[in-house]
Amino acid sequence: MQTPPKLFIPGPVTVRPEILDAMNQPMIGHRTPEFSALYQEVVAGVQTVLQTENRVYLSTSSATGLMEAAVRNTVKNRCLNLVCGAFSLRWHHITDACGFKSDAVGIEWGDAINPEHVEMALDEADYDVVTIVHNETSTGVMNPLKGITEVIRDNSDALILVDTVSSMSGVNIPVDDWGIDIALASVQKAWGLPPGFAVMSISDRALERSKDQPNKGYYFDFEVFEKYHQRGQTPSTPSLPHMYGLQRQLDRIGDEGLLNRFDRHKSMAARTREWALNHGFDIFAEEPYQSHTLTCIENTLDVDIAELSSQLLERGFRISNGYGPLKGKTFRIAHMADTQPDDLEELLGQLDEILA
Ligand SMILES: Cc1ncc(COP(=O)(O)O)c(C=O)c1O
């Protein structure tokens, strides 16, 4: 087999061999004490990363499943979807597809959600849920989550649902301090695992809301999750390899130190922006809301991005073109999970050579 390219795309990311090794362990029964020990260790580790006392559920699905679960378990009358790119728009489509009334407050792609706009939007109707994407992977915007959650808490009783898919574990998200009811993410991004698994923190308020919610199905019913959570189990057979991988990754995160991990992401983002600006490109996301885990570079030099990517691929590296309508107009370099500053320099060096 050819050596696979090093991935600098915003998920899936390159997975370290030691994580892959940890995933390759003998199976255990998922209704056994050994399993509950593993479950509790992983849950506690995720709680530490999120600095939360809220329960954490483990889901054998991608994050989109949990986005759907979150609205099905919580929306009663009307949901406000804050939209600033493709993934926040996806949450609006999901809310709609689940049959709930919802309003999308849209802003220009590349801009961040402004807490003052959220305050105005909250005045328009009686919302029982607000959805937010913390780190818009399509535009490279990292929204000012603290300010947004503060405004929602101060002006309504709406539950706050946050997609932290491309930021969780790479950026500081103190769930309890910021009053986040649901924070969800899949593990193929900043967590640095293969795809197929997702995690979610849930507040008491959100669990309570789920209790008399009709038509929420079974697989993603929070009450069913909670029943098994109390036993240290998942409702159905989970992806055990992912749980082993996450257990190992949580140890590694502990060894690196959370703050060091967050700083590493922040400084790789700064370095990528500096590189782009030095070449005469622009950064697509407005300042100072530029993501720490990926950089969306505006193609102001009108480079042929498909050609750039294919030359890069021949050298063993993969980056991402712009998302959807941004294809050709932007390209994205992810710097998350276990990517180290030296890996990034290696990529930027290759890009320098190709662009020269
Ligand atoms: C911000 C964001 N939300 C949601 C998703 C969907 O995640 P998944 O593919 O795990 O369902 C993605 C995937 O790229 C994402 O970047």
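Helices here are DSSP runs of H or I, at least four residues long, numbered from the N terminus. The model shown in every view is predicted.

**View 1. Glu274 and Arg271 pair within helix α10.** Helix α10 covers residues 258–278. The side chains of Glu274 and Arg271 form a salt bridge, with 2.7 Å from N to O. The two residues are three apart in helix α10, so about one helical turn separates them. Glu274 is partly exposed, at 40% relative accessible area. Arg271 is also partly exposed, at 25%.

**View 2. Arg271 also meets Glu345 of helix α12.** A salt bridge joins the side chains of Arg271 and Glu345, at 2.6 Å from N to O. This pair links distant parts of the chain: Arg271 sits in helix α10, and Glu345 sits in helix α12 (residues 341–355), 74 residues apart. Glu345 counts as partly exposed, with 35% relative accessibility.

**View 3. Arg205 and Asp181 form a salt bridge.** The closest N and O atoms of Arg205 and Asp181 are 2.7 Å apart. Arg205 belongs to helix α7 (residues 204–211), and Asp181 to the loop between β8 (159–163) and β9 (182–186), so the pair ties together parts 24 residues apart in sequence. Asp181 is buried, at 1% relative accessible area. Arg205 is partly exposed, at 30%.

View 4. Side chains of opposite charge can pair when their charged atoms come close. Here a network of salt bridges links Glu18, Arg248, Arg252 and Asp338. The structure holds 21 salt bridges.

**View 5. Strand β2 is largely enclosed.** Strand β2 spans residues 55–59. Five of its five residues are buried, so the rest of the structure largely encloses the strand. Arg55, Tyr57 and Ser59 point one way from β2. Val56 and Leu58 point the other way. The strand pairs with β10 (residues 198–202) in the antiparallel sense, over five bridges. Leu58 has Val199 as its bridge partner in β10.

View 6. The structure has three cavities of 30 Å³ or more.

**View 7. The second largest cavity has a lining without charged residues.** Its volume is about 40 Å³. Leu82, Val83, Val105, Ile107, Ile113, Asn114, His117 and Val118 line the space. Strand β3 (79–83) and helix α5 (115–124) each supply at least two of the lining residues. Six lining residues are nonpolar and two are polar.

View 8. A disulfide needs two cysteine sulfur atoms within 2.5 Å. A search of the whole structure finds zero disulfides. Cys84 is buried, with 0% relative accessible area. Cys296 is buried too, at 2%.

Key
Residues numbered from 1 in each chain as written. Predicted model: local features only at pLDDT ≥ 70, side-chain atom pairs only at ≥ 80, totals over all residues. Heavy atoms only, no water. Buried < 20%, exposed > 50% of the residue type's maximum accessible area, 1.4 Å probe, protein only. Pairing = 2+ DSSP bridges. 1 Å grid on protein atoms, 1.4 Å probe; cavity = no way out; pocket = protein on both sides within 12 Å on 5 of 7 lines; lining within 4 Å. Points joined across faces, edges and corners; volume = space filled by probe spheres on them. Nonpolar A, V, L, I, M, F, W, Y, C, P; charged D, E, K, R; others polar. Salt bridge = Lys/Arg side-chain N within 4 Å of Asp/Glu carboxyl O.
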